[in-house]
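Biologist: Before we discuss any details, could you bring up the sequence and the coordinates, so that we can go through the arrangement together?

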Amino acid sequence: MRRYGRTLAAAVLAAAVVAGTAGWASGDTQRAVTGPPPGSAAWRADTSLGRTLPDPATAPPGRVAAFFDGLTQRQKDSLVRRHPLVVGNLDGAPVTLRYAANARAIRAEHSPRYERLAAPGRHILAFDPRGRGQVAEVYGDLATARRVSVVVPGADIDAASFDRTKNPYGTPAGMAAALREATNDRTAVVAWTGYTTPVGVGLDAATGDLAEAGARRLVRFTRGLAAVGAHRPVLFCHSYGSVVCGLAAHEVNASDIVVYGSPGMRAADVAGLRTDARVWAAKDASDWISKVPNVEFAGLGHGADPAGPGFGARRVPASLARGHTGYFAPGTDSLRAFAAIAEGTLR
């Protein structure tokens, strides 16, 4: 009975925190963007090549890669012109083709919201304007890099805030750029905002619905990387993004999963993640996430603290990091450790 009482009390505390009584911001309920990219119906109906095009909703990335391997460059370019949003988001399609398709799709939006993404030289690997917008950008060369990392962000990140200049180390673009620089450009890093993130820290952030949708998209995305020959990735998962990574852990085939500022991974311990990846966790003393109760009760909360001693993750030093978004700040011990993990030199 005492154990039940403690669990119930913790759940009530979590609800109170989410409701804002502990100083959290309220959140707006979001509907996850899922399914194939815009334009998929026109793609499926396209018979210009005299063959059926792979269904964006069902074709495995490996089959997509094999399909494009059988096309001439002229045929590939034709598909980019006719179906930029599909090609640009089609996991398994050639990386350079996706860059070209997304550049075209972003320009076609004619929106100030995406002006920065349209700048020359940016390698946009995914772009979906639905909802608040989703985007993934590559820093480095996926084709030649010996090590690949993927940054998975938490709440309040979308196509507009993906690379904001305010608080840059709280954005996937800022984290990816900092990580690549810390490895002396020896790695490729993907800043991935490929799921609908919570807005604020309300019920969406306290439940797993958006994370479950995000996990499915992350699994397909990483399979797409494998299909084009990229190395087994290291996942860097911030805040609510660590919930996404926890739910995807058993399918993403990552070499390492690094979580920082995590509210939990929807697992009681590393064994519960069902992965052979090495699992790392960082939490600095000033991170407000420490005030979040590590419970999971009736769908509320995300479970055990990955940085806690009982979880079984390898601890990443973070004594020089500050706050919830300071883990990638230059000069921090956490960034140095992240770079070593990304390069495979920290064991």
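**Rings, sheet and disulfide**

Modeller: Both Tyr114 and Phe127 are buried, and I say this of a predicted model.

Biologist: What kind of aromatic pair do Tyr114 and Phe127 form?

Modeller: The structure holds ten aromatic pairs, and in the one made by Tyr114 and Phe127 the rings are 5.0 Å apart, centre to centre. Since planes over 60 degrees apart count as edge-to-face, the 85° between the planes of Tyr114 and Phe127 makes the pair edge-to-face.

Biologist: How many residues apart in sequence are the parts that this pair ties together?

Modeller: Tyr114 belongs to the loop between helix 6 (95-109) and strand 1 (124-128), whereas Phe127 lies in strand 1 itself. The pair therefore ties together parts whose separation in sequence is 13 residues.

Biologist: In what order do the strands of the sheet lie, and which are the edge strands?

Modeller: Eight strands form an open sheet with mixed pairing, in the order 1-2-4-3-5-6-7-8. An antiparallel part of it is the pairing of strand 2 (residues 134-139) with strand 4 (residues 188-193) over five bridges, where Val135 has Thr193 as its bridge partner. Each edge strand pairs on one side only, and these are strand 1 and strand 8 (314-315).

Biologist: Which residue in strand 7 (residues 278-282) does Asp256 stand opposite?

Modeller: Strand 6 runs parallel to strand 7, and five bridges join the two. Within strand 7, the residue that Asp256 stands opposite is Arg278.

Biologist: What is the handedness of the β-α-β unit that strand 5, helix 10 and strand 6 make?

Modeller: Strand 5 (residues 234-238) pairs with strand 6 in the parallel sense over five bridges, and the bridge partner of Cys237 in strand 6 is Val259. Together with helix 10 (residues 240-248), these two strands make a β-α-β unit that is right-handed.

Biologist: How many of the nine residues of helix 10 are buried, and what do they pack against?

Modeller: The buried residues of helix 10, among them Tyr240, Val243 and Cys245, pack against strand 3 (148-152), helix 8 (203-206), helix 9 (209-227), strand 5 and strand 6. Helix 10 is largely enclosed by the rest of the structure because the number of its nine residues that are buried is eight.

Biologist: Are the two cysteines, Cys237 and Cys245, buried or exposed, and what is the handedness of their link?

Modeller: The sulfur atoms of Cys237 and Cys245 are 2.1 Å apart and form a disulfide, the count of such bonds coming to one. Cys237 has a relative accessible area of 0%, and Cys245 likewise stands at 0%, so both are buried, given that buried means under 20%. With -90° about the S-S bond, their link is left-handed.

Technical notes. Residues are numbered from 1 along each chain as its sequence is written. This is a predicted model: local features need pLDDT of at least 70, side-chain atom pairs count only at pLDDT 80 or more; totals for chains, interfaces and linings use all residues. Side-chain values use heavy atoms; hydrogens and water are left out. A disulfide is a pair of cysteine sulfur atoms within 2.5 Å. Buried means under 20% relative accessible area, exposed over 50%, partly exposed in between (1.4 Å probe, protein chains only). Rings of Phe, Tyr and Trp (its six-membered ring) pair if their centres lie within 6.5 Å; planes under 30 degrees apart count as stacked, over 60 as edge-to-face and the rest as tilted. Helices (H or I, at least four residues) and strands (E, at least two) are DSSP runs, numbered from the N terminus. Two strands pair if DSSP finds at least two bridges between them. A crossover is right-handed if, with the strands pointing away from the viewer, the path from the first strand over the helix to the second runs clockwise. Contact means heavy atoms within 4.5 Å.
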